[in-house]
Amino acid sequence: MQRFFEQLSSRIAAPFIGASPRDSKVWQCRCGQAVFFRNSQCLACSAVLGYAPGHACVSSLQAGIEPGTWLLDARADAGLFRRCANLDTPAACNWLVPLADPGAHCLACSLNQTIPDLSIRQNHELWRKVETAKRRLVAQLLGLGLPVMGKYADAERGLAFDFVGVDLEGQLPTTGHAAGLITLDIREADDAHREQVRLQMHEPYRTLLGHFRHEVGHYYWDRLIAGGPWLDDFRRLFGDERDNYAQAMQRHYRQGAPLGWPERHVSAYASMHPWEDWAETWAHYLHMMDALDTALGFGMSAREMDLDYQPFPLNVLYDPQDPSAPAFLAFVNAWIELAGMLNELSRSMGQPDFYPFVLSPAVIGKLHFIHLVIQEQGGRADEVLVQ
């Protein structure tokens with residue numbers, strides 16, 4: 001029996017173990033204790049911790065010479081920082097602000113245009129959950145090299161968030177994106193409400209982070225695709241976004257997804273309109289990249305694979321001739337095996353599948369297109385693939 005478990009353990013780990021681990025999602029306090037993205041204090045030695053977005057790390061902190069300033073143990077040469085003004089609010093933000101930055105809030109919190117009404121007690125916990133998910137989104141966007149700038153800096157091209165509940169007239173808010181403003185119904189942070197909506201909408205997956213990733217996909221379509229050199233190829237892969245959106249939405253909710261949608265789309269909702277196909281595929285790209293980056297942070301790698309299924313061939317990619325195409329294909333194939341393993345782990349605990357989706361060749365081509373768009377813009381998407 002022992003030999004069986006040793007073989008099983010090595011089999012599961014084989015596709016992902018690399019020669020050197022990344023410090024992408026797990027770091028060390030000065031005492032040696034592992035610390036993670038959400039931590040603001042070390043549980044072992046009680047050291048103060050902070051996340052420095054410019055250095056993509058959580059570090060234990062040393063008090064600076066000036067009152068209220070801090071130095072990173074992990075990067076002593078990084079200069080002085082202040083802690084975000086939202087640290088002691090229900091948002092419980094652990095991010096740091098460079099001393100030279102005149103703002104009191106970190107980059108992630110400064111994107112907020114509207115926060116929930118905190119005179120309502122239950123909104124405290126909902127806002128905390130919302131901000132936790134948003135910080136992970138913003139950290140990933142920065143890690144990919146994508147532009148993240150608030151509307152306070154650029155009213156036309158900037159990004160902002162409204163976190164709202166029922167208005168004074170009793171009207172329910174609608175989660176969505178419009179001209180860089182992402183509005184979120186804070187009830188999405190309530191697990192019971194979100195699950196009820198998921199079942200009503202017949203969705204296999206619905207999370208706060210998923211909402212953020214989907215809606216920010218619309219924002220980056222405006223920034224990276226609209227009116228640019230990628231537009232013609234976008235239309236070839238996803239369809240013509242000039243199709244009437246309101247009519248497409250009515251048709252989708254009246255008739256449902258067309259037959260055979262899994263052959264072309266990552267989800268039923270993606271089949272509604274090219275904009276939604278882009279946003280859904282974008283969200284899945286971010287899901288996959290973040291999960292892989294987390295795996296690499298724990299010393300895993302997609303460098304070697306031993307697959308139990310027929311892997312996707314190179315010709316399913318948007319551009320098989322791109323220099324990074326083989327690495328991207330290896331990432332996709334390793335992701336599918338990792339997701340399968342995690343699905344089985346979830347089932348063994350009586351939980352829903354970790355990743356309840358099937359990726360078709362057409363979807364792999366769209367994912368590669370998104371990867372190349374992000375790589376051209378930020379120059380860092382390929383970094384995950386080469387580990």
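**Cores, rings and a helix crossing**

Leaving aside residues up to four places away in sequence, Ile225 touches Tyr220, Trp230, Leu231, Phe234, Trp278, Phe369 and Val373, where contact means heavy atoms within 4.5 Å. The structure here is a predicted model, so local features need pLDDT of at least 70 and side-chain atom pairs count only at pLDDT 80 or more, while totals for chains, interfaces and linings use all residues. Residues are numbered from 1 along each chain as its sequence is written, and side-chain values use heavy atoms, with hydrogens and water left out.

Ile225 belongs to the largest nonpolar core, a set of 86 residues. Such a core is made of buried Ala, Val, Leu, Ile, Met, Phe, Trp, Tyr and Cys residues joined through side-chain atoms within 4.5 Å. Buried means under 20% relative accessible area, exposed means over 50%, and partly exposed is in between (1.4 Å probe, protein chains only). The residues with the most contacts inside this core are Val216, Ile225, Trp282 and Tyr285. Apart from it sits another core, of six residues, including Leu61, Trp70, Phe81 and Leu96.

Now for the rings. A search of the whole structure turns up 25 aromatic pairs. Rings of Phe, Tyr and Trp (its six-membered ring) pair if their centres lie within 6.5 Å; planes under 30 degrees apart count as stacked, over 60 as edge-to-face and the rest as tilted. Trp27 and Tyr51 make an edge-to-face pair, because their ring centres are 6.4 Å apart and their planes stand at 65°. This pair links distant parts of the chain, with Trp27 in strand β1 (residues 26-28) and Tyr51 in strand β3 (residues 49-52), 24 residues apart. Helices (H or I, at least four residues) and strands (E, at least two) are DSSP runs, numbered from the N terminus. Trp27 and Tyr51 are both buried.

Trp278 and Trp282 form a tilted pair, 5.5 Å centre to centre with 35° between the planes. These two sit four residues apart in helix α8, so about one helical turn separates them. Trp278 counts as buried, at 0% relative accessibility, and Trp282 counts as buried at 0% as well.

On the α8 side the contact is made by Tyr285, Met288, Met289, Ala291 and Leu292, and on the α9 side by Phe328, Phe331 and Trp335.

Two loop residues other than glycine have a positive phi. Ser46, with phi near 70°, is in the loop between β2 (34-36) and β3, and counts as partly exposed at 46% relative accessibility. Ala56 has phi near 50° and lies in the loop between β3 and β4 (57-63); Ala56 is partly exposed, with a relative accessible area of 39%.
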